[in-house]
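I set out to record what I looked up in this structure, entry by entry.

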Amino acid sequence: MDTYDPLIPPDPKAWLALDEGERIVMIEEYHEAHPTGIPGPDAHAIIHAIVENQIAEGDALPVREKLRQLMARGLDRHEAIHAIGSVLARYIFAIMKGETIAGDPNIAYFRALKRLNAKKWLRSG
């Protein structure tokens, strides 16, 4: 695997076999060729990579199922990754700022992910 397109699901085994740095570079290259205007391209690529990693983990995490749900409600795969990434980013940045998250932050993230829906995402702009 040497290119990334968020509209096309990467083979999970091939994706996870890549070095994390390679994944991020491929995501950055995609976004350089297809600019979105989203600020912070480095952080954006890292969030993308984390979400793709979680999707590749399969049903062990609720992320792949949330991706399916969002796509069933009209989001394309790239939009769904951004929606999931927006939830993930809130928790990453809260932890980085030293904010206390009661209990396991993964559980809080998964609960917030469960509440995410396509309508809310589309309204958020």
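I looked up Arg 77 and found it buried, with a relative accessible area of 4%. I use buried for under 20% relative accessible area, exposed for over 50% and partly exposed for values in between, with a 1.4 Å probe and protein chains only as cover. The model is a predicted one, in which local features need pLDDT of at least 70 and side-chain atom pairs pLDDT 80 or more, whereas totals for chains, interfaces and linings use all residues. Residues are numbered from 1 along each chain as its sequence is written, and side-chain values use heavy atoms, with hydrogens and water left out.

I noted a salt bridge from Arg 77 to Glu 52, with 2.8 Å between the closest N and O atoms. Arg 77 belongs to helix α5 and Glu 52 to helix α3, so this pair ties together parts that are 25 residues apart in sequence. Glu 52 is also buried, at 1% relative accessibility. I count a salt bridge where a side-chain nitrogen of Lys or Arg is within 4 Å of a carboxyl oxygen of Asp or Glu. Helices are DSSP runs (H or I, at least four residues), numbered from the N terminus.

How many salt bridges does a search of the whole structure find? I recorded 4. One of them joins Arg 64 and Asp 59, at 3.0 Å from N to O. Arg 64 is partly exposed at 24%, while Asp 59 is exposed at 56%. Another links Glu 65 with Arg 68, at 2.9 Å from N to O. These two residues lie 3 residues apart in helix α4, so about one helical turn separates them. Glu 65 is partly exposed at 35%, and Arg 68 is partly exposed at 41%.

I then examined the largest nonpolar core, which has 32 residues; Val 51, Leu 70, Ile 84, Tyr 109 and Leu 116 touch the most other members. Two or more residues each come from α2 (20-33), α3 (41-56), α4 (63-72), α5 (77-96), α6 and α7. The most come from α5, with 8 residues. By core I mean a set of buried Ala, Val, Leu, Ile, Met, Phe, Trp, Tyr and Cys residues joined through side-chain atoms within 4.5 Å.

I looked up Trp 15 in helix α1 (residues 12-17) and found it buried at 0% relative accessible area. Asn 106, in helix α6, is partly exposed at 43%. Asn 106 and Leu 88 are 18 residues apart in sequence, with 9.4 Å from C-alpha to C-alpha.

Which residues form the positive surface patch? I listed Arg 73, Arg 90, Arg 111, Arg 115, Lys 119, Lys 120 and Arg 123. Helices α6 (105-115) and α7 (118-124) are the elements that give two or more residues to the patch, and α7 supplies the largest share, 3 residues. Arg 111 lies in α6 and is exposed at 55%. Patch residues have over 30% relative accessible area and no salt bridge, with like charges joined within 9 Å and nonpolar side chains within 5 Å.

Note on methods: Areas by Shrake-Rupley, 256 points an atom, 1.4 Å probe, with all protein chains shown as cover. Lys, Arg positive; Asp, Glu negative; His and termini not counted. Charge placed at Lys NZ, Arg CZ, Asp CG, Glu CD.
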